[in-house]
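User: Hello! I am new to this structure and would like to learn how to read it. Could you guide me?

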Amino acid sequence: MGIKSFQGARKQQQNTVPAPALKVRDYMTTNLITFKPDQTVQEVVESLIKYKISGGPVINDRQELVGIISEGDCLKQLSESRYYNMPLEHDNVEKRMARDVETIDGNMDVFDAANKFLNSKRRRFPIVENGKLIGQISQKDILKAALKLKGENWNSTTKG
């Protein structure tokens, strides 16, 4: 005699309204610590420590994203300044920032954004709209969004 069903009786699914998709723009940070290309690396290091952040977007006077500066960029400068015996204040953000910045769409689903984080190994993505920086989403922001969901809702929010 074969086993017909080892899962037991299935409940009839009730008509449920699918939860709205969680968008990046709903969880992005909009009050950002930003840097200017002409700032010194020393100023950046002081801000990173003061605000307990690991990096931030670099914008021009028109609020357009021109780069990203991170702790790693600052560490490279510190290492080279020691090696070449150059004072820290003689280097600026424009020389050290990453210029090829990958951005993310504010309308992207947070679970798609999570996959983008996993595939890119980045810690943050800026969000640009109409050429202007409007926010930033971090891995921590994605985790906060996931905590707001209950496990049974995950499938309904990712379909759609």
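Analyst: Gladly. Helices and strands are DSSP runs, numbered from the N terminus. In this predicted model, the protein has six helices and four strands.

User: In what pattern do they follow along the sequence?

Analyst: Along the sequence the pattern reads α-β-β-α-α-α-β-β-α-α.

User: Next, how do I read a single helix? Which residues of helix α5 are buried?

Analyst: First the general idea: an α-helix has 3.6 residues a turn, so residues three or four places apart point the same way. Now the case here. Helix α5 spans residues 139-147, and its buried residues are Asp-141, Ile-142 and Ala-145. Seen down the axis of α5, these buried residues fall within an arc of 100°, so they line one face of the helix.

User: What do the buried residues of α5 pack against?

Analyst: They pack against α4 (110-120) and β4 (132-138). On the other side of α5, Lys-140, Leu-143 and Leu-147 are exposed.

User: And how should I read phi? What is the phi of Gln-63?

Analyst: As a rule, most residues other than glycine have a negative phi. Gln-63 is not a glycine, yet its phi is positive, about 65°. Gln-63 sits in the loop between β1 (55-59) and β2 (65-70), and is partly exposed, with a relative accessible area of 39%.

User: Where does Lys-121 lie?

Analyst: Lys-121 lies in the loop between α4 and β3 (124-129). Its phi is also positive, near 65°, and Lys-121 counts as exposed at 71% relative accessibility.

Key
Residues are numbered from 1 along each chain as its sequence is written. This is a predicted model: local features need pLDDT of at least 70, side-chain atom pairs count only at pLDDT 80 or more; totals for chains, interfaces and linings use all residues. Side-chain values use heavy atoms; hydrogens and water are left out. Buried means under 20% relative accessible area, exposed over 50%, partly exposed in between (1.4 Å probe, protein chains only). Helices (H or I, at least four residues) and strands (E, at least two) are DSSP runs, numbered from the N terminus. The arc is that of the directions from the helix axis to the C-beta atoms. Contact means heavy atoms within 4.5 Å.
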